[in-house]
Amino acid sequence: MADSNLLRDYKRREFLRLLNGGTAVALTLPVAGAQAAVPARLARVGELYELYTGKIDMGQGARTLLAQAAAEELGVPVSAIRVVMGDTARVPDDGGTWASLTTPQTVPAVREAVARAHGGTPRVPADWKVLGQSVPNVLGRAIVTGGQEYAGDYRHEGALAGVVLRPPGLHGRLESADVEAAKKLAGVTVVNQDGWIGVAAATVREARRAANLIRAQWTQEPDRPVEELARPWKQQAIAPVEDNQTRYPPLVRQGDVEGALGRAARRQSTTYWTPMIAHTALETRSATAEWRGDRLTVHCGKQAPFLVRSEVAKALGIAEEQVHIVSLMPGGGFGGKQRADVEIEAARLARAAGRAVRVEWSREEEFRWAYARPAALMEIESGADEQGRIQAWRHRNYNAGAPGLPPPYAFRDQSNEAWRTPAPYRQGSYRALASTANNFARESHMDERAAEFKRDPIDYRLEHIDDARLREVLERGAKRFGWPGAGKGCGVACTIEKDGRLAIFAETAMEGGKPRIVRMLMVADFGAALNPGNLRNQMMGGLIQGLGGALFEEWTPATRSLRAYRVPRFSDVPPIELHLIDRRETRSAGAGEAPIVLVAPAIANALFALTGERRRRLPLMG
Amino acid sequence: MAAIELTVNGRRQRTDVPTGAMLLEVLREGFKLTGAKPGCGEGACGACTVLLDGRAVKACITPALSARGKQVVTIEGLARGNALHRVQQAFLDAEAYQCGYCTPGMIMGAVALLDKNPQPSEAAVRQALEGHICRCGTYPRIVEAVRMAARETRRG
């Protein structure tokens, strides 16, 4: 129901503002509450300093990190900083919580501004007292005592409960509905407009009872498998054009790839597939909407409060200024809680009921009506000389997008292309988005070529890498992992992701006729580690989340419950070793996403080494 | 609607239970104890775990009526004043969480495990908590926290 143009416009504005040096921060010291139209604000409030940001904390540690940044430059303890997040009436629009931007952009902006207010410049890393330290998560005590308030814990006194009627099929549209019986019930509000039906009542039970009295006719379209809907992609696809005014350029090329492929002594072309997968944040989305006259307040738990504000305003036909979004901490986001959906539903019902209304999605609604990570079809063709050195490289991604397209390798002629196709079902952002698919394809293809030329996978990669930091990551990893002396079923993958350099190593073995992961190792260089403890937590979490998509996760139109959708559990986690290269003097890279992108290719390459069979589709053990 | 009596975090309580209500609903909506979290509605994620007469149960699939006359302990009932329960303290020391949404359920599951098996092996910890999902993937730190808490018992 949300408008995808709003998302595109919002992301482009955000990108251009940051590109044009708009990361500067306005300081309102010592007056609280003054408005500034640029990102991030700080104010003195009694004994504390309040830092205002539209970013939210969903477990990645942004609240603690931003407090560290301000504390460092103010010369005060972290406990003297209160970070006010996600409330559109109080914070500036400094962009959504996505693309691992808090570390590389928000932190420097905060530091620069605070330092300037004191007539100085940010402290050099050698003098850091708070940054670079493993400062414990400021929410820790609240989390372990059950006192932490999540979006779903928010209650508005007297709010009604809302439920929404859903079609039986994912593409179903409302044809007609008889809502009279439901409307007659005391205390029940029914909204039936624009093909959408919702019900509000005192409790969820009463709302459901009323909803069950509604006779709705929906169009009957069977939910066809994603791959069936993807079959015509290559005929339907729209070729990318160069556009550098966007965070993820859809076409990155150099030289003459077609000519170089034509001249190459040894060509190889391979195709890869990654399915749709569901974020499955443990907390389902919910929202409470309340109208006061023509002004709307919505409490929710979304990653991009200002984008949600635009989408809600548009859907309700009011101005953005009339909408106030308060985004509370969600129990997990992973890119799945960026757009307005449940907020619009609650707002429609609240307007009709003349009362506050709360809507909470069930797990089934999450699986069926939230967007999922796009499926991807990828074709890579490379041309090498007789010795195996790749000169020409063409990488096409159909449907999933451009993140992670530019290779970390020094190919002379290359073209990396994100082709647009019709989405089979509702699809959207997901931690690292298309980078996971693109790295799976690229690192699998590199491995295939290494095998073809009978080269060691690490030596082969190093031959194509100019970046000294990535070389070091690979070399250190090989040493730590015990490569090449390691067991038979070992694989590796490496990349440069959002300015971070990383490599993952995996060892596999057969057990009872089935492959098993024996151990894994990740080496990463994210520049200066601003909070090493939290960074390691993110590295481990990203790797483990990546195990699901690599091994067994696949969303289908039939996915309705957590029992039917397997995500990693304790027993799925092999021994994992993490190595962090901490470069104090180097600009920090965001690391919320990078660790997830190499899990699948590292394991796929290990399985090839183990079995001789190349798996070009995810999930690998599905 | 049926009226039941039960003990919640050491206090005798009387409450009306809507027909078919699960214990999770009564705890969260009735007693405003929001530490136990809804996650899947089918007992598959463990976020709603509480102790019922000392046993870890999934409150989202435990009928509220089955708690009649019993002792319920939630995450809010573990600490004694400012002193955290050793399992809470271990989770805090190991920073065994990211978003923390699964943490109350994880801690309750671990408390139930350590009551039965004060010195669990790593494998026993994993097995006991297999029904709990941490979507942020902090599993290794959780195992470490539970074993830290076990060492604390031995010392204590």
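Analyst: **A helix pair and a domain contact**

Helix 2 and helix 3 of chain B cross in a right-handed way (the near helix is turned clockwise from the far one by less than a right angle; helices are DSSP runs of H or I, at least four residues, and strands are runs of E, at least two, numbered from the N terminus). This is a predicted model: local features need pLDDT of at least 70, side-chain atom pairs count only at 80 or more, and totals for chains, interfaces and linings use all residues. Residues are numbered from 1 along each chain as written, and chains are lettered from A and ligands numbered from 1 in written order.

Helix 2 of chain B covers residues 86-94, and helix 3 of chain B covers 103-116. Their axes lie 9 Å apart, at an angle of about 130 degrees (lines fitted to C-alpha atoms over the stretch in contact, with angles from 0 to 180 degrees between N-to-C directions).

Which residues of helix 2 of chain B meet helix 3 of chain B? They are B:Val87, B:Gln88 and B:Phe91. Facing them in helix 3 are B:Thr103, B:Ile107, B:Ala110, B:Val111 and B:Leu114 (contact: C-beta atoms, placed from the backbone, within 7 Å). By class, this contact has six nonpolar, two polar and no charged residues (nonpolar: Ala, Val, Leu, Ile, Met, Phe, Trp, Tyr, Cys, Pro; charged: Asp, Glu, Lys, Arg; polar: the others, Gly among them).

Now the wider setting. Chain B is divided into domain 1 (2-77) and domain 2 (86-155), with bounds from an automatic or database assignment. Their C-alpha centres are 21 Å apart. In chain B, 14 residues of domain 1 contact 13 of domain 2. On the domain 1 side, strand 3 (49-52) and strand 4 (55-58) each supply at least two residues. Strand 3 of chain B gives the largest share, three residues.

Key:
Two residues are in contact if their C-beta atoms, placed from the backbone, lie within 7 Å.
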